[in-house]
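Good morning, everyone. Please take a look at the model on the screen, and I'll walk you through it.

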There are 2 protein chains.
Amino acid sequence: MATQTIGRLQKEVEKTFAGFPPAAIEAIEQSALTTSYPTGAVLFAEAQAPKGIFIVRRGRVKLSVCGSDGRTLILRMAEPGDLLGAASVISGREYEATAETQEPSEISFIRQSDLLRLMRQHGEVALWITQHVSADYNSTCREIRDLILSDSASEKLARLIVGWLDHSADSRQSGQVKMALTHEEIGQMIGTSRETVSRLFAGFKKQRLIQQNGATLVVPNRMALQSLITA
Amino acid sequence: MATQTIGRLQKEVEKTFAGFPPAAIEAIEQSALTTSYPTGAVLFAEAQAPKGIFIVRRGRVKLSVCGSDGRTLILRMAEPGDLLGAASVISGREYEATAETQEPSEISFIRQSDLLRLMRQHGEVALWITQHVSADYNSTCREIRDLILSDSASEKLARLIVGWLDHSADSRQSGQVKMALTHEEIGQMIGTSRETVSRLFAGFKKQRLIQQNGATLVVPNRMALQSLITA
DNA sequence: GACGGTTGGTGATGGTGATCACTCAGCCGG
DNA sequence: CCGGCTGAGTGATCACCATCACCAACCGTC
């Protein structure tokens, strides 16, 4: 069992640091402090001064921002291989979001000073970080566009569900997704209230756009759902 | 007059590439192709494959995304020293926004392949790019938060105006800003319709929150405006 | 000076979704 | 078995803002 765990982590390492020279991986692993967190642990909070970056090895982490009135917007769910807080560490600005584990997770931490040193010493590390930040920026921009440029809530929800389907290859095949979010959280992802999410789901079911078996969401024909988006 | 122009551009170079070793600046300038654009020129368009990055030397450039229904959201106005398209070039994904000059502008272009070479050869260049992308990411996240987590349009407009005041030191002092945007564009920045912007301005004037002298906006007491935000 | 184009101002109307106020179904620990 | 507690479903109401439809200024050009 211990060897299985090591094997799994080893695979994660290979995926996360694909193409790195062994020396760079070695250097990163030496500076990284890997910890297990329970559900609900806060890795860092919005507006904190940056201390370092976090690498998700296992589990899922919720990234959210919080408005002055207390309302919350979930930016995205981070998954194994994702890098959190890099933009803040590089730019020196405070963390732009709050990171909270959604399930028991294993997460590595690299101090700001260590990271900057690693970036100087190993060009691949610098490029790796830059690419991650760039990719995050890119997808965040698309997120904004989808959120703001579609005022109807049903369009936003349809977008979210289609996004879930696209996320993994099997989902796209089977049209099935496991819902790991409450209606409240879904509302926070698309910027609407919990009640509206409830009503939208009810409406979608009535229109035969979705079915629900316990925690699994079934989308019989994806096209019908997508037609809501362009509309 | 020619020498004055050269002097001004020289100063821009110093600001943009502050702290660079001369060799790096030299290398950048050799790869950069600087061009003058008229108002309304499109540097690149959303969803295009990335060709290279643009450095604003003079003028202002509008960065916007466009929804499926044709509506537009302005992400930000880029100014001299800003870097456009870097995230796309690094991540290899398509441009996430459209860049269009708002006034006659001078803009340098660096091809993707040249940039990647420069980043490999000069560590400072790599870091410079990374910092720019990170800073952009950071401020974009804050933008989202402000836009989505305040459904009242007046709050958004107040935020925008306060942001203008903070933008330059003199504005903060005098409480005066020059408005270079139409109501339509303001609407596109805060995600509301042109008419709503008109009505909001009228309302703000009635409440003595702002005055308007031609193209200059006067904010008598900034605090009153800010109180709209927290509310 | 008479135009077309762009920008701004304003009224009337209607839809959408937030909000309040419940009820109900699970689920867990006592 | 019975409180709590969290998540979910739903009705009623209402503010806000998009939209449509004008008109008034303004600004270039012809």
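First, a definition: helices (H or I, at least four residues) and strands (E, at least two) are DSSP runs, numbered from the N terminus. This is a predicted model, so local features need pLDDT of at least 70, side-chain atom pairs count only at pLDDT 80 or more, and totals for chains, interfaces and linings use all residues. Residues are numbered from 1 along each chain as its sequence is written, while chains are lettered from A and ligands numbered from 1 in the order in which they are written.

Let's start with the DNA. Which element gives the largest share of the surface near DNA strand C? Helix 9 of chain B does, with five residues. "Near" means that a residue's C-beta atom, placed from the backbone, lies within 6 Å of the molecule or strand. In total, 16 residues surround DNA strand C. The closest are A153(A), T192(A), T196(A), T182(B) and H183(B). Two or more residues each come from helix 9 (194-206) of chain A, and from helix 8 (183-190) and helix 9 (194-206) of chain B. By class, this surface has three nonpolar, seven polar and six charged residues. Here Ala, Val, Leu, Ile, Met, Phe, Trp, Tyr, Cys and Pro count as nonpolar, Asp, Glu, Lys and Arg as charged, and the others, Gly among them, as polar.

Next, a helix pair. Helix 6 (residues 153-167) and helix 8 (residues 183-190) of chain A pack at about 105 degrees, with axes 10 Å apart. Axes are lines fitted to C-alpha atoms, for helices over the stretch in contact, and angles run from 0 to 180 degrees between N-to-C directions. Who meets whom? A153(A), K156(A), L157(A) and L160(A) of helix 6 meet I186(A), M189(A) and I190(A) of helix 8. Contact means C-beta atoms, placed from the backbone, within 7 Å.

Now the strands. Strand 8 (residues 105-111) of chain A pairs antiparallel with strand 1 (residues 33-37) of chain A over five bridges. Pairing requires DSSP to find at least two bridges. T34(A) stands opposite S108(A) there. Strand 3 (residues 52-58) of chain A also pairs antiparallel with strand 8 of chain A, over six bridges. In that pair, G52(A) has R111(A) as its bridge partner.

Last, the two chains. 36 residues of chain B contact 36 residues of chain A. On the chain B side, helix 5 gives the most, with 18 residues.

Methods:
Contact = placed C-beta atoms within 7 Å.
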